[in-house]
Amino acid sequence: MHFGFSLLQTDTASRARLGRMTTPHGEIGTPAFAPVGTQATVKALDPRDLHELGAELILSNTYHLTLRPGAEVVAELGDCTGSWWDGPILTDSGGYQCSAWRAADV
């Protein structure tokens, strides 16, 4: 499976778009409701709850995963999918944190 985007509808007055993203781990309607799973889990909710709320993906933070449990543990598990959440996971780069982190290492 590949990544893709299909534009389904556009509102001419507001220019809002309705679409569908395709990922190797599932499809995501846009705009999307993306609960935050800071360390690849959404606290106090299980996947059933998230599906009932209409979530098609969760957002995680790569920087936090690097700190805990660590890159080695994530690599041993294969990745973040399948162990808890069965759908797509969007991760941010943690870019602003990583820039400060690299500067501190110099």
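Reader: Which percentage of the contacts in the protein chain with a separation of 6 or more do residues 24 or more positions apart account for?
Author: The model is a predicted one. Among the contacts in the protein chain with a separation of 6 or more, some join residues 24 or more positions apart. The share of these contacts is 46%.

Reader: Which pattern does the protein chain follow when it is read along the sequence?
Author: The protein chain has 3 helices and 5 strands. Read along the sequence, these elements give the pattern β-β-β-α-β-α-β-α.

Reader: Is L53 buried, partly exposed or exposed?
Author: L53 sits in the loop between α1 (47-52) and β4 (58-61). Its relative accessibility is 52%. The cut-off for this class is over 50%, so L53 counts as exposed.

Reader: How many Å apart in space are L53 and F33, C-alpha to C-alpha?
Author: Leaving aside residues up to four places away in sequence, L53 touches F33 and L45. In sequence, L53 and F33 are 20 residues apart. From C-alpha to C-alpha, the distance between L53 and F33 is 8.9 Å.

Reader: Is S60 buried or exposed?
Author: S60 belongs to strand β4. A residue is called buried under 20% relative accessible area. Because S60 has 3% relative accessibility, it counts as buried.

Reader: The backbone oxygen of which residue does the side chain of S60 reach?
Author: The side chain of S60, a residue in strand β4, reaches a backbone oxygen at 3.0 Å. That oxygen belongs to G37.

Reader: Which residues form the largest nonpolar core?
Author: In soluble globular proteins, nonpolar side chains tend to be buried together. In the protein chain here, buried residues make up 26% of the 106 residues. The largest nonpolar core has 5 residues, namely V42, L50, A55, I58 and W85.

Reader: What accessible area do F5, L7 and M21 have together?
Author: F5 lies in strand β1 (residues 4-10), and at 40% relative accessibility F5 counts as partly exposed. With L7 and M21, F5 forms a nonpolar patch on the surface. Together, the accessible area of F5, L7 and M21 is about 260 Å².

Key. Residues numbered from 1 in each chain as written. Predicted model: local features only at pLDDT ≥ 70, side-chain atom pairs only at ≥ 80, totals over all residues. Heavy atoms only, no water. Helix = DSSP H or I, 4+ residues; strand = E, 2+ residues; numbered from the N terminus. Buried < 20%, exposed > 50% of the residue type's maximum accessible area, 1.4 Å probe, protein only. Contact = heavy atoms within 4.5 Å. Polar contact = N/O pair within 3.5 Å; in protein donor to acceptor, adjacent residues only side chain to side chain. Patch = residues over 30% accessible without salt bridge, like charges linked within 9 Å, V, L, I, M, F, W, Y side chains within 5 Å. Areas by Shrake-Rupley, 256 points an atom, 1.4 Å probe, with all protein chains shown as cover. Salt bridge = Lys/Arg side-chain N within 4 Å of Asp/Glu carboxyl O. Core = buried A, V, L, I, M, F, W, Y, C linked by side-chain atoms within 4.5 Å.
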